[in-house]
Amino acid sequence: MPESLLYCSLHDPVSPCPAGYVTNKSVSVWGVGGRVEMTASKFMAIQQALQPDWFQCLSDGEASCEEATSIKRARKSVDRSLLFLDNCLRLQEESEVLRKSTIIGVIEGGDVMEERLRSARETAKRPVGGFLLDGFQGNPTTLETRLYLLSSVTAELPEDKPRLICGVSRPDEVLECIERGVDLFESFFPYQVTERGCALTFSFDYQPNPEETLSQQNGTQEEIKHADQTKKIKTTSCNQEITSFEINLKEKKYQEDFDPLVRGCSCYCCKNHTRAYIHHLLVTNELLAGVLLMMHNFEHYFGFFHSIREALRSDRLAQLKELICRQAS
């Protein structure tokens, strides 16, 4: 894939890591085999073997956890993250292979403004290729506080280097972050939707009349009302709330619905199968259900980002945001 970048992140955004396993010398990562302590030298040896285009530096992201929001803990997370960054930069300079890769510095500090700004300023002084805004996904503060923190942090970062954010992928949250200077996002949201047995159906076609788009997206107003109601429903398979941007195809009402998941969608699933068929696959626990849903959900989600890029080029992001926010309410 010559047109794609290989990016190596530290943790799986879908699987939160237990707190309490970061020290001054190592960060614990978790996989199918359990916990692995990752020192700077071990981490960089792995990067040298993988040879990614970009990779996230080691950092202490536990100040974002609900149990660790004190000023003292936030300060420690920034100090440790800067120490990890300096060690990784030194090891990168010593390796001819790693010099070809771009290291992404991580901004930590929990919900403590002073520490967030210190982390941003100090990381920006280092020769990093970009910045990862960590901890906004699990922060127990209000949305307004998080967005204010985000705006303040991005204002301290140079505009010529990309800003990534981890753990944020809902369409409405993505647009809020873009308005505050975030450039890149993780794409785990379609996976989560698939694991719930759901399909993304929200509209991102902002150019027609928004009212008309909402009423015609899936044929009826009832579909949209149902999407609003699903926000309060929880599933057992993914431990995540169903959002208003998706429909739950496990519901009995879809067993005789012979429409595609989304009318006009160009994905393989929508071109060849119906909601009733996907419902049947889900209730009979067929593995094909996840395959087809994943095809659709990623196609739909990437279409949303294509719409974002078009809206930015034509200076119509506000119209797209209005359409998305109507569906999120």
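Q: What makes β2 and β3 count as paired strands, and what do they form?
A: Two strands pair if DSSP finds at least two bridges between them, and strand β2 (residues 26-31) and strand β3 (residues 34-39) have six bridges, in the antiparallel sense, so they meet that definition. Together β2 and β3 form a hairpin with two residues between them, and within the pair S28 stands opposite E37 in β3. Strands here are DSSP runs of E with at least two residues, and helices are runs of H or I with at least four, both numbered from the N terminus.

Q: What kind of model is this, and which atoms do side-chain values use?
A: This is a predicted model, in which local features need pLDDT of at least 70 and side-chain atom pairs count only at pLDDT 80 or more, while totals for chains, interfaces and linings use all residues. Residues are numbered from 1 along each chain as its sequence is written, and side-chain values use heavy atoms, with hydrogens and water left out.

Q: Why is α10 called oblique to α11, or what angle do their axes make?
A: The axes of helix α10 (residues 275-283) and helix α11 (residues 288-313) come within 8 Å and cross at roughly 135 degrees. Axes are lines fitted to C-alpha atoms, for helices over the stretch in contact, with angles from 0 to 180 degrees between N-to-C directions. Angles under 35 degrees count as roughly parallel, over 145 as roughly antiparallel, 65 to 115 as roughly perpendicular and the rest as oblique, which makes α10 oblique to α11.

Q: Which residues of α10 and α11 meet?
A: Y277, I278, L281 and L282 in α10 meet L288, A289, L292 and L293 in α11, where contact means heavy atoms within 4.5 Å.

Q: How do you know whether C265 is in a disulfide or in none?
A: A disulfide is a pair of cysteine sulfur atoms within 2.5 Å, and a search of the whole structure finds zero disulfides. For C265 the nearest cysteine sulfur, that of C267, is 3.5 Å away, so C265 is in no disulfide.
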